[in-house]
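User: I am new to this structure. Please show me how to read its features, one at a time.

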Amino acid sequence: SLQLNITLLLVVSVHNPNPASFAYASGGHTDLTYRGVQVGAAEIDPGRIPSRGDGNVSLALTLQADRFASDLLQLIGDVEGGAMQLEAATRIPGKVNILGLFKRRAVAYSDCTFVFGVPEMRVRSQQCRDRTKL
């Protein structure tokens, strides 16, 4: 039985094109899946994304290697093929501040599918669907 957990400390750059800033405390969460099996999870550190600006979102992602190997033949095939497709679902509750006058609770969601290149150890491509619920 393979049992190995790896924690990656990640900083994700985010661009906010909206005229409202977004501040978030604890409670943000990301789930990472590989071929329909949850293989990782992360709690998102508190932060703020300025209006019409850039910010960083910090998180510690814990990968559970034994879950990657739940279908060992598929994993070996993907590694030999040089690419692994993963999905990440993120939910971040916070507050939107519009022009410094109006504050509303909001939840930001992001669902991404990305291809991780095994030989180069980086993301080759990604497609995300982002939405906010006020």
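Analyst: We will go through links, charges, contacts and surface in turn. This is a predicted model, in which local features need pLDDT of at least 70, side-chain atom pairs count only at pLDDT 80 or more, and totals for chains, interfaces and linings use all residues. Residues are numbered from 1 along each chain as its sequence is written, and side-chain values use heavy atoms, with hydrogens and water left out.

User: How many disulfides are there?

Analyst: A disulfide is a pair of cysteine sulfur atoms within 2.5 Å. By this rule there is one disulfide. Cys112 and Cys128 form it, with sulfur atoms 2.0 Å apart.

User: Which parts of the chain does the pair link?

Analyst: Helices and strands are DSSP runs, numbered from the N terminus: helices are H or I with at least four residues, strands are E with at least two. Cys112 lies in strand S8 (residues 102-117) and Cys128 in strand S9 (residues 122-133). The two are 16 residues apart, and the pair links distant parts of the chain. The angle about the S-S bond is 110°, and the link of Cys112 and Cys128 is right-handed.

User: Is Cys112 buried or exposed?

Analyst: Buried means under 20% relative accessible area, exposed means over 50%, and partly exposed is in between (1.4 Å probe, protein chains only). Cys112 has a relative accessible area of 14%, so Cys112 is buried.

User: Now the charges. How many salt bridges does the structure hold?

Analyst: Side chains of opposite charge can pair when their charged atoms come close. A salt bridge is a side-chain nitrogen of Lys or Arg within 4 Å of a carboxyl oxygen of Asp or Glu. The structure holds three. One of them joins Arg35 and Asp78, with the closest N and O atoms 3.0 Å apart. Arg35 lies in the loop between strand S3 (28-34) and strand S4 (37-44), and Asp78 in helix H2 (residues 72-81), so the pair ties together parts that are 43 residues apart in sequence. Asp78 is buried, at 14% relative accessibility.

User: Which residue does Asp111 pair with?

Analyst: Asp111 forms a salt bridge with Arg131, and the closest N and O atoms are 2.9 Å apart. Asp111 is in strand S8 and Arg131 in strand S9, 20 residues apart. Asp111 is partly exposed at 29%. Arg131 is partly exposed too, at 34%.

User: What about Glu120?

Analyst: Glu120 pairs with Arg124 in a salt bridge, with closest N and O atoms 2.7 Å apart. Glu120 is partly exposed at 33%, and Arg124 is partly exposed at 42%.

User: What does the side chain of Thr90 make a polar contact with?

Analyst: A polar contact is a pair of N or O atoms within 3.5 Å; within protein, one must be able to donate a hydrogen and the other to accept it, and residues adjacent in sequence count only if both atoms are side-chain atoms. The side chain of Thr90 makes one with the side chain of Thr30, at 2.9 Å. Thr90 sits in strand S7 (residues 83-98) and is buried, at 17%. Contact means heavy atoms within 4.5 Å. Leaving aside neighbours within four places in sequence, the contacts of Thr90 include His29, Ile44, Tyr109 and Asp111.

User: Where is Ile6, and is Ile6 buried or partly exposed?

Analyst: Ile6 is in strand S1 (residues 5-16). At 37% relative accessibility, Ile6 is partly exposed.
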